[in-house]
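Visitor: I have some time for this one now, so please take me through it topic by topic.
Guide: Gladly; here is what we will be looking at.

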Amino acid sequence: MLSYILKRLGQSLITVAIVIITVFLLLRLMPKSGYFTREDYVNMDESARTAYLRSLGVMDDPVTQFVRFAGGVVRGNWGRSISVYPKSPVMTIIKEKAPYSLWFGLAALAISMGLGLTMGVLMARHKDGIFDTFGTLYVTIVRAIPSLIWLFLIQQWVTGWLGWPMVFYEDRPVSWILPTISLALTGIAWYAIWLRRFMVDEENKDYVKFATAKGIPRTRIMRKHVLRNALVPLIQYFPQQVLLTIAGSLLIESIYSIPGMGGLLVNAIRQQDNPLVQALVLLYAVLGIVGVFLGDLLMAAVDPRIKLAGAQGGQE
Amino acid sequence: MKRRYLIVALGLALCALAAVGAQDRYYATYTAEGSSLRYFYTPDTTDQRIAANTQDGLVEQDRFGRFVPSLAERWEASPDSKVWTFYLRKDVPWVDSKGQKTKYEITADDFVEGFRYVADPKNGIKNLSKDIRRMIVGLNDYYLDLVDFDAGKIKDKTRDQLLGNFAKVGVKALDKYTVQYTLARPTPYFLSFLVMELFLPVEKEFLDSVGENFGISKENLLFSGAYYISDWQRDKQIVLKANPLYWDAKSVTVKTVSLQKIVDPTITLQMFQRGELSSATLTAEQVKALAGTKWADNVFMAEPSTVTYWFVQNFTSANPEFKAFVNNLNFRKALYYGLDRAKLNELDDPYQPAATLRNTVVPEQAAFDEKGKDYADYPEVKAIRDAGNYYDKAKAQDYFRKALAEVTDGKGTIKGVQPATVDWKPIAELKIDGKLPLQMVYVYLPGATETKRAFLFKAMLEDLFGKDNIQVTLAQVIDDIFAEAVEPRRFDMLHDNFRFGFADPSAQLGRLVTKGAVNDGEFSDPEFDKLVDEASQKTVLSERFKIFSKAEALFIDRCYVYPWRMGGASYMLSKVVPFTYPRGGFGITRFKYKGMIVQKDPLTSKQYEELKKAFYEEMNKATAK
């Protein structure tokens, strides 16, 4: 097990390094004109533009810039934003914004799992019945209609109907409800449809038929065997989903005016904020890789059929 | 005469009525987060709004747009307008983010220090334009020396030694309460620069203590303005509270300003309708949607800005067909009379498209001579301004026929143009055959309105002059019209807009001369250049304006660009009593909330129109000398 963990750690470090170097180099290919607006070109001459670029640190050669970035990361200094929030330390920005995305994300994930899994079980148990029909209808609506439409309608109607604030306010807990529910809606559908599918798959397997033939009650088969086995593939994604809640939701944070991380990376790329992009890519890459790794460990823990450090050194 | 007094009295009565229900809180929204609280760097309106309300400069603009004392209680200029001396108010303290008095007093050194900060290239203050660097004695040399040092070109001096040369720059504290600016050339309109963020003060000891962290949070700032930042949450909200130690505290009617970041205009409108906001700007679609509702009577059109939109044509185009035509005055005149501005403006304002047309490059209500006369009222430009939508189909077709006669051989071949391929990839690629129809490329930004305008522009010209004679190719850039089209010269015609920088016609005309900063068409007219140069030499404003107005009339007559629409002038719903707060066409003090009255109920459009009428009467009386 230890050797497996060490091997995965090594692979993860190489993956993160490749991601970071690729992103770093791609950012250096962006045209410098992106740092100037139309008005800047009118106001500034060549020397002022060059001086401005130098003040941002983007005129140094890429090797110097990379050493500065990597050295800073090692020392815990992630640099300062250069164009989205000029001069603000990147770590301060992340510390300010991440908790909003994290807490909303975790609450939504809890709701998604609670309701989604329950719905999935009911749909599988009553396949082609009323729960399945309504569950499928819900999943189809959520996935087929562009989310912007129903998110917006929920915001308009529910806030108007109940007299709730339209946007998020930290000191008004009632304003936290709709963004959380809105965030959970797709998650509920995702858990429901996949759990249903895996449970139906399991139900058709021989061991279930055998257990039924032995006279084991259906409820017990469903709970002890079908549900447990159907959860295995879903559990694999759980750690990643938890960790990446930090990335936030561009759409929901925007319409509810939540100052989270959603849209930060997109903004940073658009404004060529190299230190911010690099830090976010590093953060998301590390969290993504850790999430996959933890998912594998979790899967091995709940499913005795899976051995991570077997004879072939991989999953069996 | 009696009627006028009646209107003024009515306006004052309405103001008084509004004041009865006056609110001491103002709630508004912003769509884009400011870059930082570092008030010398204000690339967008949110930054400017915060800077204007939390910091005071030497002068500010009042509700009539006049320059009035702010932290300077008086000033004097040398007869040649080159030396400007400002005398500060005494005992005005800097306050912190709790609104409490600090140990620092606002002194002349703070203004010198502010400019020292702005002039150091390491601080990345983009707005320090080359024109301002050349305006203040010694500033350009000081700045360029530091630039050269940072680039490694100066090795025999230390950076500190070069920073010491700031003593040679024409910004000086003569004593604790006197600051003096020495300018390189006569600048009678210098006060209009002082309403920019570049001329704000900063406390040196405090600045040194916070270093690189200056302005990254409210705690890393001191405040000299009408408000201090009591709460700031990135991408969420900004709360300003009235500064209890402000030198002009009695003028601050609204005690708390709460600004929230709301990106979607639909949410802003809903919040206003639910009573959660004091004002909301409306899109054209929202105005249409409100028609017939109980809110229809509350919609009014706010005042225009000094931003002017114009169509730019490329006089050095790599498309030889267009180049041949655009350098023909009759062709340009054909376009001048052929563009139906009101029709084009219907896309932005379906109700009063003619109300926001502007035919001149210098806006009205932006530059006044020593007698208080608006530059826009000088006869040469007034005639152009009063013409309104000068669309004239018959004239346009007549000029086009003349152009065809001059530019083609009469059989459809454009003189001197050989078949060629115009490679403007990724925007456009054209096969040129040197024959009619004339092919021209219209470049536009993405977005529903700009796209519709491009199609309308094409249809307008092709219908008017015939598809056999002209064919407009539409080419869309991704998001940066300058980097993608203007700089690489990939356009025949494009739509652009420019703001007006300071209170002198040279702010626009001075940068439209040959090789001027906004001469994107690369036209050259020695006669126009000469007039602009001649006007710039005059130190008496009325003499300057007279020559500038001649230059602008010539410029418009020769159709180098086609100015056509004002910026601003958006439809609004608001509880803010208009014209109670500072006004101006440039700089940041126009964004002050000082003096603003917020009434309990939304304004009605009737109330707005009455207040507007009364205000203009009052302003004309107040500004006439």
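**A salt bridge on a helix, and onwards**

Guide: B:Asp208 is exposed, with a relative accessible area of 51%; exposed is used here for over 50%, buried for under 20% and partly exposed for the range in between, with a 1.4 Å probe and protein chains only. This is a predicted model, in which local features need pLDDT of at least 70 and side-chain atom pairs count only at pLDDT 80 or more, whereas totals for chains, interfaces and linings use all residues, and side-chain values use heavy atoms, without hydrogens and water. Residues are numbered from 1 along each chain as its sequence is written, while chains are lettered from A and ligands numbered from 1 in the order in which they are written.

Visitor: OK, and what does B:Asp208 form a salt bridge with?
Guide: Its partner is B:Lys204, with the closest N and O atoms 2.8 Å apart; a salt bridge here is a side-chain nitrogen of Lys or Arg within 4 Å of a carboxyl oxygen of Asp or Glu. B:Lys204 is partly exposed, at a relative accessible area of 39%.

Visitor: Why are B:Lys204 and B:Asp208 separated by about one helical turn?
Guide: Because they are four residues apart in helix H7 of chain B, residues 204-210. Helices (H or I, at least four residues) and strands (E, at least two) are DSSP runs, numbered from the N terminus. Another pair four residues apart is B:Asp386 and B:Lys382, both in helix H13 of chain B (residues 379-386), again about one turn of the helix. Their side chains meet in a salt bridge at 2.9 Å, N to O, and B:Lys382 counts as partly exposed at 32% relative accessibility.

Visitor: Which salt bridge does B:Lys594 form?
Guide: B:Lys594 is bridged to B:Asp248, and their closest N and O atoms are 3.1 Å apart. This pair links distant parts of the chain, 346 residues apart: B:Lys594 is in the loop between strands S23 (576-577) and S24 (597-598) of chain B, and B:Asp248 in the loop between strands S11 (237-242) and S12 (256-261) of chain B.

Visitor: Are B:Lys594 and B:Asp248 buried or exposed?
Guide: Both B:Lys594 and B:Asp248 are buried. They also belong to a network of salt bridges that links them with B:Asp56, B:Glu60, B:Lys250 and B:Lys592. Over all chains, the count comes to 50 salt bridges.

Visitor: Switching to strands: what is the order of the open sheet of three strands in chain B?
Guide: The order is S13-S22-S14, with antiparallel pairing, and S13 and S14 of chain B are the edge strands, each pairing on one side only. Two strands are said to pair if DSSP finds at least two bridges between them. S13 (residues 279-282) is joined to S22(B) by four bridges, with B:Ser279 and B:Ser574 as bridge partners. S14 (residues 300-301) pairs with S22(B) over two bridges, and here B:Met301 stands opposite B:Tyr571.

Visitor: And which way do the residues of S22 point?
Guide: In strand S22 of chain B (residues 571-574), B:Tyr571 and B:Leu573 point one way and B:Met572 and B:Ser574 the other, and all are buried. In a regular strand, side chains alternate between the two faces of the sheet.

Visitor: Now chain A: how many helices and strands are there?
Guide: Chain A has 14 helices and zero strands. Buried residues make up 46% of its 316 residues, and its C-alpha trace spans about 85 × 60 × 30 Å along the principal axes.

Visitor: Where is A:Ser101, and what does it touch?
Guide: A:Ser101 lies in helix H5 of chain A (residues 90-125) and is buried, at a relative accessible area of 2%. Leaving aside neighbours within four places in sequence, its contacts (heavy atoms within 4.5 Å) are with A:Thr245, A:Ile246, A:Gly248, A:Glu253, A:Gly260, A:Met261 and A:Gly262.

Visitor: One more, then: which helix holds A:Val226?
Guide: A:Val226 is in helix H10 of chain A (residues 218-235), and with a relative accessible area of 0% it is buried. With neighbours within four places in sequence again left aside, A:Val226 is in contact with residues including A:Met199, A:Tyr207 and A:Ile221. From A:Ile18, A:Val226 is 208 residues away in sequence and 40 Å away in space, C-alpha to C-alpha.
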